[in-house]
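Work through the exercises below with the model open. Each task is followed by a stepwise solution.

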Amino acid sequence: MSTELLNPSSSGRPETALRISQQAPDVLKRTAKTSLPFPLSVLFSSEKQETWVELENLLVACLRTGDDKSARLCLDRLTSRFGEQNERILALRGLYEEAIAQDGKAVNAILTTYYDNLLAEDPTNMPIRKRRIALLKSMSKTGDAIAGLVELLVTSPIDAESWAELADLYFSQNLFPQAIYCLEEVLLIVPNAWNMHARLGEVLFLSAESNSNARDAALKDLSNSLKRFCRSIELCDNYLRAFYGLKMVSSKLISLLEVETKTVSKDKTGELSVPDKATVESLNELATSKLVEILRKGSSGEHGWDGYEDAELVAIQALLDQTSQKVER
Amino acid sequence: MAQPVVQTIHRDPSLFYWILVPITVVMILTGILRHYAMILLQSAPKKQGVKDIRQTRSLMRGVNLRNNASVLTRPSFESRKNYLVPAYQDGTFLAEPEKRGQPRANPMSDPAAMEGMMGMMKNQVVMMVPQTLIMGWINAFFSGFVILKLPFPLTPQFKSMLQSGVGTRDLDVRWVSSLSFYFLCLFGLQPVYNFILGSNNSASQVSQQMAQMNPGAGITAMDPNQDPDKLFLSEAENLEVTELRSILEGIEGRILEQLR
């Protein structure tokens, strides 16, 4: 059995989804209902949980690749097992309806008739609430999506997924302080998620870029960003995004610290101190050397280093070229 | 040296067909029946309202903030603390703010609590009734039969365990009476049920009793018998005294040391 099917496919790459959905006939045949006649079925009911996980992932993959017929079959199987009223089934059905909707009007109808009715019946139906917000987001009604998410988070403030989504939405609206707040909430729930630390670093960096007039604020954001990237590296040694970000931030910080040599003393609010220039420089060197190593080993496809995507390696190359040009000048 | 005399008892082979096999089959079938009876009797867990969910999860948020405060910088920690502590103290997140300060109602008069107790009673009945019936059946029909011989010797201490219902003092411990065989089945059939019904079945009563003995095993976020207001107040106090040591303090040095 392929393990691929047991992992959530929504996060996978398009190729993975395509490969999964191509297995649809096989999986559907294998999981076909082969129930024994009555007395034996009572005695030997061997039902595996994996079957249903597989079917659900297959459903999503089929919808992604446009294989609506197989998706319908998966949905029917799941419905016959778990019943019409199961929360997850309702959400999956909504997903299917969205996929086969022909135009914007039909999608709108799903939103108002299907989702809103379900939520009026049972406001605690989290899968449907999330589905509705996702639909609003993909219809680019960002304001409504944000309002929905805020309402959801009032009810359930320990949902990391929703916080992360809200952070993304705020970020897309350039509302950096809000996005930062949301990402910090995510970290409070999953404190060791290195990708979230790096993401927070990125948002802090961009926030500093956006208010580059106020030097102190920018400096604070940049040094925070630097620390976030460092923490991300501490948690995951070879995390490319964190090294990339570290290099960007440290270059920026060096230039900022050069302008004014006056040391920024630790201020009264007890905020984290701004690192001194020597530390930032050595961090920059560290990031550069690590990026070079990743680029070398990743592009040669060395064993254990082949997890990086081509686009990421190209981006490193571009960054390194850019900085080396600067040095030559 | 005198060898110990090996006791030989000539058993009628029909003992095997008419006692050993029926007891085993009946025990297995009862287990399966019990499993399905439990499924039938199980009531779906009661749905929590939006406000109850909010109450529980808001409390969890405070716990999360306290446990993982080290990922934050000081200003962001302070701002969260300044929001949560007064909110907890004022009972903003309570599901039933008007009931604040009132003593808790008697659980006996609360229909929701009664339902939970009824569920437990039902389980108990499903467990106890078949057990009593079968034991009575065995006692009435098969008491006093010696039905099998263990292939290994045992010390005399096992006599009471293996030969209940047979009052013969000199009988070798290796002989097992029908009532004792029933007990062996009762405690030993779990793997058989696992094989037939899958691993999380409710056929065996032994495992059920184990689960009842330590109800604290499942982590419950909020004990329904506790006053949520008290929980919020104590959490507010906990947050007040939380000391922040940010993990970002001095991280540059750590990284440089680690990777250089």
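A polar contact is a pair of N or O atoms within 3.5 Å; within protein, one of the two must be able to donate a hydrogen and the other to accept it, and residues adjacent in sequence count only if both atoms are side-chain atoms. The model used here is predicted.

**Exercise 1.** Count the polar contacts and salt bridges between chain A and chain B.

Solution. 
1. With both residues at pLDDT 80 or more, 11 residue pairs are in polar contact between chain A and chain B.
2. Salt bridges between the two chains number five.
3. One of them can be located by name: E234(A) pairs with R254(B), and their closest N and O atoms are 2.8 Å apart. The cut-off for a salt bridge is 4 Å, so this pair qualifies.

**Exercise 2.** Describe the side of chain A that touches chain B: which element gives the largest share, and how do its residues divide?

Solution. 
1. Elements giving two or more residues include helix 9 (142-155), helix 11 (176-189) and helix 15 (277-299) of chain A.
2. Helix 13 of chain A gives the largest share, eight residues.
3. The residues on this side divide into 22 nonpolar, 11 polar and 11 charged.
4. Between them, chain A and chain B bury about 3,700 Å², with 63% of that on carbon and sulfur atoms.

Conventions:
Residues numbered from 1 in each chain as written. Chains lettered and ligands numbered in written order. Predicted model: local features only at pLDDT ≥ 70, side-chain atom pairs only at ≥ 80, totals over all residues. Heavy atoms only, no water. Buried area = accessible area lost by both parts, 1.4 Å probe. Salt bridge = Lys/Arg side-chain N within 4 Å of Asp/Glu carboxyl O. Helix = DSSP H or I, 4+ residues; strand = E, 2+ residues; numbered from the N terminus. Nonpolar A, V, L, I, M, F, W, Y, C, P; charged D, E, K, R; others polar.
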